[in-house]
Amino acid sequence: MVQAILLGSGATRPLPDRALAALWLQTAGRGLLFDCGEGTQVSAQRYGASLYKLDTLLLTHYHGDHLFGLPGLLQSMAALGRADPVTVAGPPGLDTILDAVLTLAGPLPFAIRRHTFAEGRGTLALCGGASITAFPALHRVPCCSYLYTLPRAGRFDPGKARALGIPVALWRTLQAGCPAGGFTPDQVLGPARRGLRILYATDTGPTEELCRQAGGVDLLCMDATYADDADAPKARLYGHATCAEAGTLAAQAGVRRLWLTHYSAAVTDPEPGLAAARARFPGAEAGFDGKALTLTFEDPGKDIP
Ligand SMILES: [Zn+2]
Ligand SMILES: [Zn+2]
């Protein structure tokens, strides 16, 4: 199970009713934050994302609307008594940015683990077997799109376990994908089942790779800076997408859900953009601050009876 909360859905500057684009994912008590613009920590408190659980922060790029909340966020985490390390990952340039951020934030009682995605590409392992795949976005500066993957092991076969004489006390460990007592998971697990995948893609225009990576994802949270189709040339120029382009990409990729986000401050009414996206992908949803969703595995039945 993964809980997704859109902490903000705006671009460039925070508005009274629209914070800067950021997404929170939480699973098994660990939190993952995508971007941290000015005010993201306020949205986190408002919408129930516990910063105390923040494990990994992924910065798409280093424009201020995705970054300027970071010194304050780190200070607040220190004030909350954070002791465990926090991983901060991003495209090349991370060290320079973090040096500046840490100068502003001052000494922290917890360690920052840095992870740079060389050439905007790579994989980062997370707790619980989950992972992040980074790939380059189409923006004016180096920028990553991030695919979160939570895999799911095959179904546990108690009959096989009994036949092999595996003590019941070891079953859960084997089901979790770890060897135990000289036995291996493949002895008792069926084929891997469908897990969960969530793709966060802003700031970016549509690309072939984005379409490929988005193939069949459970949730695509995508740049929809411009509501009007006529703004497509402007979107190319500034490295963004229109709502219609987000809808087209979602349809081509066969995603399960599409959330539009990173609205320009000029978009005061999301309905026309939503209509344009729905004309291409009927399931499109307008992003808004606090929009939340709990994603669960397809067959939630108990594995071990
Ligand atoms: Zn932006
Ligand atoms: Zn940007």
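This is a predicted model: local features need pLDDT of at least 70, side-chain atom pairs count only at pLDDT 80 or more; totals for chains, interfaces and linings use all residues.
Let me begin with a pair of helices: helix α2 (residues 70–79) and helix α3 (residues 94–105) pack with their axes 9 Å apart and at an angle of about 50°, where axes are lines fitted to C-alpha atoms, for helices over the stretch in contact, and angles run from 0 to 180 degrees between N-to-C directions. That angle makes α2 oblique to α3, since angles under 35 degrees count as roughly parallel, over 145 as roughly antiparallel, 65 to 115 as roughly perpendicular and the rest as oblique. The residues that make the contact are Leu70, Pro71, Leu74 and Gln75 of α2 and Val101, Leu104 and Ala105 of α3, two residues being in contact if their C-beta atoms, placed from the backbone, lie within 7 Å.

Residues are numbered from 1 along each chain as its sequence is written, and chains are lettered from A and ligands numbered from 1 in the order in which they are written. Helices (H or I, at least four residues) and strands (E, at least two) are DSSP runs, numbered from the N terminus.

Turning to the sheet, seven strands form an open, mixed arrangement in the order β7-β8-β9-β10-β11-β12-β13, with two strands counted as paired if DSSP finds at least two bridges between them. β7 (122–125) and β13 (284–286) stand at the edges with a single partner strand each, so one side of each has no neighbour in the sheet. Within it, β9 (residues 144–152) and β10 (residues 193–201) pair in the antiparallel sense over six bridges, and Leu150 stands opposite Leu196 in β10.

What does β12 pair with in parallel? Four bridges join β11 to β12 in parallel, and three bridges join β12 to β13, also in parallel. Leu260 of β12 is the bridge partner of Met222, and the bridge partner of Leu260 in β13 is Ala286. Both faces of β12 are covered, with Leu258 and Leu260 on one side and Trp259 and Thr261 on the other, all buried, where buried means that 20 or more other C-beta atoms lie within 10 Å of the residue's own, exposed 12 or fewer, and partly exposed in between, with C-beta atoms placed from the backbone.

Finally, helix α8 (residues 243–253) lies across β11 (219–223), β12 (258–261) and β13, running at about 160° to β12. Eight of the 11 residues of α8 are buried, so this helix is largely enclosed by the rest of the structure.
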